Amino acid sequence: MLKPLIAALILAAPAAPLLAQNAAAQISVRHKAYEAMGDAFKKIQDELRKPAPSQAVMQQSVKTITDMATRQYSLFPAGTGPTSGVKTLAKAEIWTQTAKFKAAQDKFAAEAGSFSRIVASGDAARIRDGARNLGQACKGCHTDFRAEKK
Amino acid sequence: MSAKVVAVWDRPIRSFHWLLVVLIGFSWWTAETSRMDWHQYSGLAICFLLVFRILWGFVGSNTARFSHFVRGPAAILRHLGGHDSGRVGHNPLGALSVVALLLTLVIQVATGLFAVDVDGLESGPLSHYVSFQQGRQAAAIHDASFTVLQGLIVLHLAAIAFYLLVKRDNLVRPMVTGSRTVSGSSVAGMEPAPAWRFLLCVSVAALFVWYVAKGFPL
């Protein structure tokens, strides 16, 4: 029942505002998307711990991250914040400081793009540095726009 | 009644205790100030202390051994009823606190080893054995168990204050000097363990932590 709905939401992501009535489903989609990205980012970090990191795994995982850099813009429709009544760590500032939030999203998109190019280079030392920079972009936005877990 | 001075805690136990005090404080501070490199070193050092303490609880001096102080409810009730066991070391009620503290610390260290932060910037040395979600769960437990640990430490300090102020018994001094005054000549002091056992326990603990720090390659 829920799965086709979520699938439909993913496909209809650019038209997300049209579906604003279903905040719970939208928040769930957002949560899963970020979790999938965390998983992908972790897979890269795990490879980097190995003596011989797998280029294939890292390339595949970085794709999830760059896809998310595009998708993120549609994941915060109005009405999916703390006032939605649904459990979310998204802060109200996302919708009140829109320019600042957009700048944080753009920063992540830029970092994801350059990280993808660094991963393509296959140089483990550079990928480690790149991962750190990308993580800082994540952290920067989380600090301002993601609530601390209670 | 005659009073005499007897040994209570051996050097390994006292060193363990005070190093733990310093390292728990240091771990807390490094976590609060996001000094995660140092937090990880501190956690590994606590891991070393815990592995040592558990081993010492089986082969160490008699007051260090679990078999000496982990008692059943009957012994706890007798103690609460004012019965004096006539021996030094943890009393049956205090033993519960020791076990709770050690267990919480084991949970604290174990979850820290697998924890992953939400930004993917920091992760425990064994986090590659779990998924992102499991790593986040480990971090959540790490967070919650520290609150439990804080509560247990407050209880520990309250008990010490109670002994000092109400029972006029200073429990801190023996943990520093190793010995205390007892009334009654029948009270036996701590029986130490040979140094080679200490060296063996330290070596095993160090080896274990070194392997964990390397990511536990199988």
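Q: How do you know at what angle helix H2 (residues 23-49) of chain A and helix H6 (residues 124-145) of chain A pack?
A: Axes are lines fitted to C-alpha atoms, for helices over the stretch in contact, and angles run from 0 to 180 degrees between N-to-C directions. On that scale, H2(A) and H6(A) pack at about 145 degrees, with axes 11 Å apart. This is a predicted model, in which local features need pLDDT of at least 70 and side-chain atom pairs count only at pLDDT 80 or more, while totals for chains, interfaces and linings use all residues. Residues are numbered from 1 along each chain as its sequence is written, and chains are lettered from A and ligands numbered from 1 in the order in which they are written.

Q: What makes the contact of H2(A) with H6(A)?
A: Two residues are in contact if their C-beta atoms, placed from the backbone, lie within 7 Å. Ile44(A), Gln45(A) and Leu48(A) of H2(A) meet Ala124(A), Ile127(A), Arg128(A) and Ala131(A) of H6(A).

Q: How do the residues of this contact divide by class?
A: Ala, Val, Leu, Ile, Met, Phe, Trp, Tyr, Cys and Pro count as nonpolar, Asp, Glu, Lys and Arg as charged, and the others, Gly among them, as polar. The contact of H2(A) with H6(A) therefore divides into 5 nonpolar, 1 polar and 1 charged.

Q: Is the crossing of H2(B) and H8(B) called left-handed or right-handed?
A: A crossing is left-handed if the near helix is turned anticlockwise from the far one by less than a right angle, and right-handed if clockwise. The crossing of H2(B) and H8(B) is right-handed, whereas that of H2(A) and H6(A) is left-handed. The axes of H2(B) and H8(B) lie 9 Å apart, at about 145 degrees.

Q: What makes a set of residues a nonpolar core, and which residues touch the most other members of the largest one?
A: The term denotes buried Ala, Val, Leu, Ile, Met, Phe, Trp, Tyr and Cys residues joined through C-beta atoms within 7 Å; buried means that 20 or more other C-beta atoms lie within 10 Å of the residue's own. In the largest core, of 30 residues, Cys47(B), Phe48(B), Leu50(B), Val51(B) and Phe52(B) touch the most other members. H2(B) gives the largest share, 9 residues.

Q: Which residues does a second, separate core include?
A: This core of 24 residues includes Ala112(A), Phe115(A), Ile127(A) and Ala137(A).

How values were computed:
Helix = DSSP H or I, 4+ residues; strand = E, 2+ residues; numbered from the N terminus. Buried ≥ 20, exposed ≤ 12 C-beta atoms within 10 Å, placed from the backbone.
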